[in-house]
Each structure stands twice: as C-alpha cells, then as structure tokens.
Amino acid sequence: MSLIDRFFARAIKRGQLTVIHADGKRVSFGTPDPELPSITIRFAKGAVGRILRDPATGAGETFMDGSLAIEEGDILGLLSLATANNMWEHDDSALEASWLGRALTAIRFRIDRVNMTRRSKRNVAHHYDLDDRLYDLFLDRDRQYSCAYFTDPSNSLDQAQEDKKAHIVAKLAIQPGMRVLDIGCGWGGMALYIHRKTGAEVLGVTLSEEQLKVARRRAEEAGVADKVKFELIDYRNLTGTFDRIVSVGMFEHVGTLYFRAFFEKCRALLTEEGVMLLHTIGRTDGPGVTDKFTQKYIFPGGYIPALSEIARGYEGVRMFCTDIEVLRLHYAYTLKEWYDRTVAAKDALVELYDERFFRMWTFYLAGAYVTFQYGNMVNYQLQFARGRHTLPITRDYMAEAEAKLRASA
C-alpha cells in the first residue's frame, strides 16, 4: 500500500473515498454513510508526489491544474469527507501534524508575523482589487464579504447579512449626533447601514482603491456623501476622535506583531465615552500559521488569531473588554452560500478569468467552509469601552436594539 493510501486508510472511516491512481489501480476507503458524500478522485502521474512533498499547497495546486480530478462529487465533498472524519474537537484526528510538521509550523509562525505598513496596501490589493464583477457573482446584494449572522439557518444570504449588520450595530449603542469610524470599510455597506439606521456620521477607511471607488459611488447615489465619507488611508495614520469604532473582517490583516499597536491606536481614536466592536475570524486553539495555499494565492500577509493572541493585544491598553461572543457555525453557513453561488456562476467566472482561477476560488471557499464546519475556526465579536460606566451593565440592551433595527425599514 502506498504512503498516500495508508493516509487515506487512517483518515477515512465514515463515507467512501475511491482513489484511481495514475497506473489505473483503484482503491476504496471507508464505508458509505448517508450523512457524507461518496467521492471518486483520479490522480495523474506525479500528482501524489507533489501532494506528499507539500500537502498545504500540493492538494490545491494539483486540483487547480487538473492532475487531481474529481470524477464523482466535487471539491467541497472531498474536503468535507476528509474533515468530517477528523473533527477538531476529537483528539484522534489523522490530520494532526507530525512532530516535524509542528516544528516547521513553529518556524513559519515567526516568519509570518510581519505586516509592515508598506506591505499592507499591496497585500490588500492582491485580494480586494480583483475584477469588480467577481464579487457580484457570489456575495449578497450589499457585498458583505464577512461572516453573516443566521438567526435561522434557512435564512437567505441577503437576510443573514442584514441581520449581521443589525447584530453589530446593536452592540455599538450608537446615539444621535455621534461620529463613527469604520476600519476596513469594504464596499461601504456597514457605514451606509449605520447612517441609515442611526443618523450618525461615518468615516470608512480602506486600503483598496477598487473598494473605495464603489463605496464613494454608493454614498453619492444614496445622497449621503456629506454624512458618510470614505478615505484611502491606513488606520495608523488617522487623527481625531470618534464616539464609536467598528471593524469587521479587517483584523485578520493586522499581523500579531501589531495587535498592541492596533488597540492602542483605537483607544487613542475613541472619545472618553467611546465604544468599539471588533469582528474577526479566530482560532479555537492556540496560535498557528496561515496555510501556504492561502498565503500564496488568497490572502498574502493574512493571519487568523487565537483569542489568547487578541487578549495579549488589548491587555494593558486600558480599555474594558465588555463583551465577547463566539459565532460558531455562522461562517460555515455563509461560506456554503458563497460556494454554491460560485459554482452556479461557473461560466461567467471562467469567462472573467479562466478554468484554473475557478478551481482556485472553489478550493479556497470549500477549504474555508470545512474549517468552520469541522475544524478549529470561529468568529469572535469583542466589544470594548474606554469607560466603565459607558454601557449598561447587562446585555439586555443589545437584544432590544437589535430587534428594533431588524424591524425598521
């Protein structure tokens, strides 16, 4: 039995994986399970060696170039089959790294920390300055490119993203006349929502030139460009003060070396009675590294922090961490919607780029989905206040404000 066959024999128990090797040899692993897909894959010559030499990028690249072909099922089914058999909360996972893998991870952990200001804009552009039409193919109508909030798993993506904004804004306790900063404003949806629902003035900042164009256009079209403004600026260069700060899906690009600087800057930008809400992907276990496929093809310079790393960033900054919420399956539901929409838009995406890009994008979305559905990723929402008396001492106000926001037009 080959090395990769021995791996599959350990990793696949529930559900069935059939492997057709380059020499035509067919081997099956596991047993059919109604809850898991049956998958058949075919390896071209040399594919197995590439995967074994570098699993993190080998699997993605062989799938991208077609030397790992899926003859029954799809890439989401293949990755789901592997990870459902090796869920994070089980301590006998065949996917756990070897001692050598852990040693290499420790080395890369040190290398991956750096995200200097001069690199940040380039890293953001790599992902967010892609063709504007790409995001319309798989995101909701408001272009929320972050975890949605599913009050019911059967809700539409558009509804879940609206509910996400209500969930976040309710925690900010925004009052009339306040000034709000949106760090990493994306295409402007959150900033426009805040003004529409609360009347607050909002400044959104981004490092993506393409996102800035769209956000400014949306504010102009809504007739609120004097109240909702967007700037191409690094948050570290901001001056002035704000009553509220919100940051959604940006913290993953800060870099652990700069977590303390991030929180110190946010505190300096807040008024004495200021409140901040941070929404970020996070690890449920300790610090790690960004996988090589994601680092190379998707988010160069990105890193998903452990809660302990976030805490080390804000401890001693003299802001009260007033609330922490863990969203477990919400991003899995979100990513499944994005994946399904991407697959449905295959022809348009291939025309926009090519078949290789389509495979890369589906591998990225499928891989992200399984890390939230079966792996060690969640979303954290952390609320901070500069003063101990700024917010109510119970969480009741959040639910009340959220209900009002969701009920209003």
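## Ground rules

The model is predicted, and local features need pLDDT of at least 70, side-chain atom pairs count only at pLDDT 80 or more, and totals for chains, interfaces and linings use all residues. Residues are numbered from 1 along each chain as its sequence is written, and side-chain values use heavy atoms, with hydrogens and water left out.

Helices (H or I, at least four residues) and strands (E, at least two) are DSSP runs, numbered from the N terminus.

## Helices α14 and α16

Start with α14 (330–344) and α16 (residues 355–373). Their axes come within 8 Å and cross at roughly 160°. Axes are lines fitted to C-alpha atoms, for helices over the stretch in contact, and angles run from 0 to 180 degrees between N-to-C directions. The crossing angle therefore makes α14 roughly antiparallel to α16. Angles under 35 degrees count as roughly parallel, over 145 as roughly antiparallel, 65 to 115 as roughly perpendicular and the rest as oblique. The crossing of α14 and α16 is left-handed. Left-handed means the near helix is turned anticlockwise from the far one by less than a right angle; right-handed means clockwise.

Which residues of α14 and α16 meet? Among them are Tyr-331, Leu-335 and Trp-338 in α14, and Phe-358, Trp-361 and Tyr-369 in α16. Contact means heavy atoms within 4.5 Å. The residues of this contact divide into 13 nonpolar, 3 polar and 1 charged. Ala, Val, Leu, Ile, Met, Phe, Trp, Tyr, Cys and Pro count as nonpolar, Asp, Glu, Lys and Arg as charged, and the others, Gly among them, as polar.

## Helices α4 and α16

α16 also meets α4 (residues 75–84). The two axes come within 9 Å and cross at roughly 30°. The helices are therefore roughly parallel to each other. Their crossing is right-handed.

Ile-75, Leu-76, Leu-79, Ser-80 and Thr-83 are the α4 residues in this contact. Their α16 partners include Thr-362, Phe-363 and Ala-366. By class, the contact has 7 nonpolar, 4 polar and no charged residues.

## The second largest pocket

α16 turns up again here, giving the most to the lining of the second largest pocket, with 4 residues. β4 (68–72) and α14 each supply at least two. In all, 15 residues line the pocket. Nearest its centre lie Phe-63, Asp-74, Ile-75, Phe-358 and Arg-359. The lining has 8 nonpolar, 3 polar and 4 charged residues.

## Helices α11 and α13

One more pair remains. α11 (residues 259–269) packs against α13 (residues 307–314) at about 50°, with axes 7 Å apart. The two are therefore oblique to each other. Their crossing is right-handed. Phe-259, Arg-260 and Phe-263 make the contact from α11. From α13 come residues including Glu-309, Ile-310 and Arg-312. This contact divides into 4 nonpolar, 1 polar and 3 charged residues.

Terms used:
1 Å grid on protein atoms, 1.4 Å probe; cavity = no way out; pocket = protein on both sides within 12 Å on 5 of 7 lines; lining within 4 Å.
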